[in-house]
Amino acid sequence: MAEYWNAYLENGQKTDKILQRDKPIPQGLYHLVVECLIIHKDKSILFMKRDGKKPSFPNHYEASAGGSALLGESSEIAILREVREETGIQLQVEQLIHHLHFVKHEQQCIFDTYWAEVDCEKGTVTLQEGETTDFIWVAHADLPSFLEQELLIPRQKEAIEQLFLEKEQPQKQ
């Protein structure tokens, strides 16, 4: 079944054009991609391992669930769907914290990235066939060694380092 997306201008304005996955995107148009970092209430971070058959970054861990927003979906609705499909975690819009908005010109994508704190049983995460093959919750203390030893999507590795390692705050006394 074909997947359709809304077409956007670089500034994020939605157009009346419709894009189809695996078809060339006309010059000057972009599609919306959403990502959400999942942080447990104990401050561990959920990493999902990408299926080995994925065309980009096979067998790499990713620090988010996400994907393309489908035709008619807002950024928030798309990320709720993607997180549910890829992890089984049911988020509510109120849990989403918008973190970053950027454009990847070479991929003709507009990215909206979020994070959300959850209080769920860690073992109840589910995998999506063809998308993910494993998951791991990484405690904050184990994050440096995990990032050093495991294959991660480079852009996400950089973001995790900036968010959680470079901004270490001294403990309040």
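**Questions on a predicted model**

Modeller: In this predicted model, 42% of the 173 residues of the protein count as buried.

Biologist: Which radius of gyration does the protein have, and what would a compact globule have?

Modeller: The protein has 173 residues. A compact globule with that number of residues would have a radius of gyration near 16 Å. The value for the protein agrees with that, at 17 Å.

Biologist: How many helices and strands are there, and in what order do the elements run?

Modeller: The protein holds three helices and nine strands. Read from the N terminus on, the order is β-β-β-β-β-β-α-β-β-β-α-α.

Biologist: Where does UniProt place the feature "domain: Nudix hydrolase", and how much of that stretch is helix and strand?

Modeller: The UniProt entry is unreviewed, and it places this feature at residues 29–161. The end C-alpha atoms of that stretch are 31 Å apart. Its chain is 21% helix and 35% strand.

Biologist: Is C36 buried or exposed?

Modeller: Buried means under 20% relative accessible area. C36 has 0% relative accessibility, so C36 counts as buried.

Biologist: Which residues make the nonpolar surface patch of about 280 Å²?

Modeller: Start with Y4, which is found in strand β1, residues 4–8. Y4 is partly exposed, with a relative accessible area of 38%. Patch members need over 30%. The patch is made by Y4, I18 and L71.

Biologist: Where does K43 lie, and what is its phi?

Modeller: K43 sits in the loop between β3 (31–40) and β4 (45–50). K43 is partly exposed, with a relative accessible area of 46%. K43 is not a glycine, yet its phi is positive, at about 80°.

Biologist: Is Q108 buried or exposed?

Modeller: Q108 also has a positive phi, about 55°, although Q108 is not a glycine. Its place is in the loop between β7 (97–104) and β8 (109–118). The relative accessible area of Q108 is 17%, so Q108 is buried.

Biologist: What does the C-alpha trace span along its principal axes?

Modeller: Take the C-alpha trace of the protein along its principal axes. The spans are about 55 × 35 × 30 Å.

Technical notes:
Residues numbered from 1 in each chain as written. Predicted model: local features only at pLDDT ≥ 70, side-chain atom pairs only at ≥ 80, totals over all residues. Heavy atoms only, no water. UniProt positions renumbered as here; feature names shortened; annotations may be inferred. Helix = DSSP H or I, 4+ residues; strand = E, 2+ residues; numbered from the N terminus. Buried < 20%, exposed > 50% of the residue type's maximum accessible area, 1.4 Å probe, protein only. Patch = residues over 30% accessible without salt bridge, like charges linked within 9 Å, V, L, I, M, F, W, Y side chains within 5 Å. Areas by Shrake-Rupley, 256 points an atom, 1.4 Å probe, with all protein chains shown as cover. Salt bridge = Lys/Arg side-chain N within 4 Å of Asp/Glu carboxyl O. Rg over C-alpha atoms; globule rule 2.2 N^0.38 Å.
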